[in-house]
Amino acid sequence: MLMTIRGRIASFAGPIHDRLIVYAAVAVAAGLLLPSVAARLSGGVPYMLGGQVLGVAMTLTLGQFAVVARRPLPVVLALAVQWTVLPLAGVGLFNVISDPTLRNGALIVAVAPAEIGSALVALLAAGSGAVAITCMVGSLALGTVLTPLWVGAVLGPGAHIDRPTLIAELTLSVAVPLVVGVSLRTWWPGLHRLHSRALDLSAVCVVLIVFVSVGSARAFVLSASLLPCIGLCAVLLLTGYGVGMALAWPWRHHAHLWRALLFPVGMREFGIAAAVALAVSPSAVGVAGVYGAMLMTTAPALARRLRPQPVDLASVG
C-alpha cells in the first residue's frame with residue numbers, strides 16, 4: 001500500500017520538466033507569499049540561469065550543432081525578425097501607453113533578448129534543441145549591443161546600461177555552461193541515459209527564477225497597476241508567439257525545426273529585462289516580473305499543446 005502511494009506521488013510530481021507549468025504556477029504563488037526568501041535567493045540568479053543552460057546543453061552533442069551550422073538560414077532569419085519586429089512593437093506600445101511605468105516596462109521587455117529557458121521549452125515541444133539553443137545564444141550575444149541601443153534610442157542617452165557587466169554575466173550564465181554541457185555530452189555518450197535528469201535540472205532552475213522574480217515584484221503585483229500590466233503582458237506574449245509562428249511557418253513541414261524557432265523568437269528574457277529596468281527605470285521592474293510569471297506558465301502550456309503524443313524527448317536534438 002505504501003509503495004503504491006509513493007508510486008502515485010512520484011508519478012504526479014515528476015518528471016519536473018514535463019510538469020513545468022504546474023511547478024511554475026506554484027513558484028508564482030510562493031513568490032507572493034515568501035518575498036523575503038525570494039530576496040535571499042536573488043544573488044544566485046546567475047547560477048540558476050547557468051543551470052538552465054547546462055541542463056539543456058547536456059542533452060546535445062557537437063554533431064547536432066554542426067548540422068545547424070550547415071543550414072544557418074532559419075537561425076539567421078529568426079534573429080533578424082526578433083531584433084526588428086519585436087522591438088518595433090515595443091516602441092509602438094511605448095508611444096500609445098500613458099503610464100510611464102507600464103510604457104517603459106513594455107519597451108524594455110520587447111527589446112530584451114531571447115529567454116534563456118526558451119531552449120528547454122522548445123525541447124518540451126519536441127523541437128530541435130540544437131536549433132533552439134543556437135537561436136537563444138545568438139540572440140543573447142546580439143542583445144549585449146542591441147538592447148542598450150534600442151533602450152537609448154527611445155528613452156534617451158541618460159538611460160545607461162552597464163554593457164561590460166551584462167557581457168560578463170552572460171558569459172558566466174550562458175557561454176560557460178553551454179560549452180561544459182555540450183562537451184560532456186559529446187565526450188561521454190553514456191550521459192544520454194541522464195537526459196530526463198538534465199532537463200529536470202533546467203526546469204528546477206526555471207522554477208527558482210520565477211520564484212525570485214515574482215517575489216521581487218510582489219509590491220507591484222499587489223498594486224492597482226496589476227490589471228493593466230496583465231493586459232499589457234498579454235499583448236507582448238501574443239505578439240511574440242504570433243511573430244514566432246509567422247517566422248516558423250515556411251518550415252511547417254519540418255516539425256522539429258519550426259517548434260525550435262517559435263519559442264526563442266516568442267519568449268523574451270525577463271531576468272535581463274528586470275536588470276535593465278533596475279538600471280534605467282526601477283519602477284518598471286514589476287512589469288518584467290509579471291511578464292515572467294505569465295511567460296513561464298503560458299509557454300510550457302503551448303509546448304504541451306504543440307508536442308505530438310506520445311514523444312520520446314531523448315530522441316529530439
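This is a predicted model: local features need pLDDT of at least 70, side-chain atom pairs count only at pLDDT 80 or more; totals for chains, interfaces and linings use all residues.
Two packed helices are described by the angle between their axes and the distance between the axes. The table gives both values for each pair.

| Helix pair | Axes come within | Crossing angle |
|---|---|---|
| α2 (residues 20-33) and α12 (residues 195-216) | 7 Å | roughly 30 degrees |
| α8 (residues 100-110) and α14 (residues 226-248) | 11 Å | roughly 25 degrees |
| α4 and α11 | 8 Å | roughly 30 degrees |

Let us begin with α2 and α12, whose axes cross at roughly 30 degrees. That angle makes α2 roughly parallel to α12, and the crossing of the two is right-handed. On the α2 side, the residues that take part are L20, Y23, A24, A27, V28, A30, G31 and L32, and they meet A203, V206, V207, V210, F211, V214 and G215 of α12. Sorted by class, this contact holds 13 nonpolar residues, two polar ones and no charged ones.

Next come α8 and α14, with axes that cross at roughly 25 degrees. Angles under 35 degrees count as roughly parallel, so α8 is roughly parallel to α14. Here too, α8 passes α14 in a right-handed crossing. From α8, the contact uses L102, A106, V109 and A110, while α14 brings P228, C229, L232 and L236. The class count for this contact is eight nonpolar residues, with no polar and no charged ones.

The last pair is α4 and α11. Their axes come within 8 Å, and the two helices are therefore roughly parallel to each other, given their crossing at roughly 30 degrees. The crossing of α4 and α11 is right-handed. In α4, the residues P46, Y47, L49, G50, V53, L54 and A57 take part; they meet L172, S173, V174, P177, L178, V180, G181, V182 and R185 in α11. This contact of α4 with α11 has twelve nonpolar residues, three polar and one charged.

**The largest pocket**

Now for the open space in the model. The largest pocket has a volume of about 710 Å³. It is lined by 28 residues, and those closest to its centre are V45, G271, I272, A274 and A275. Which elements give two or more residues to this lining? They are α3 (35-41), α4 (45-57), α11 (163-187), α12 and α16 (270-280). The largest share of the lining comes from α16, which gives eight residues. By class, the lining divides into 19 nonpolar, seven polar and two charged residues.

Methods:
Residues are numbered from 1 along each chain as its sequence is written. Side-chain values use heavy atoms; hydrogens and water are left out. Axes are lines fitted to C-alpha atoms, for helices over the stretch in contact, and angles run from 0 to 180 degrees between N-to-C directions. Helices (H or I, at least four residues) and strands (E, at least two) are DSSP runs, numbered from the N terminus. Angles under 35 degrees count as roughly parallel, over 145 as roughly antiparallel, 65 to 115 as roughly perpendicular and the rest as oblique. A crossing is left-handed if the near helix is turned anticlockwise from the far one by less than a right angle, and right-handed if clockwise. Contact means heavy atoms within 4.5 Å. Ala, Val, Leu, Ile, Met, Phe, Trp, Tyr, Cys and Pro count as nonpolar, Asp, Glu, Lys and Arg as charged, and the others, Gly among them, as polar. On a 1 Å grid over the protein atoms alone, a cavity is a set of points where a 1.4 Å probe fits but cannot get out, and a pocket is an open set with protein on both sides within 12 Å along at least five of seven lines; lining residues have an atom within 4 Å of a point. Grid points are joined across faces, edges and corners, and a volume is the space filled by probe spheres set on the points.
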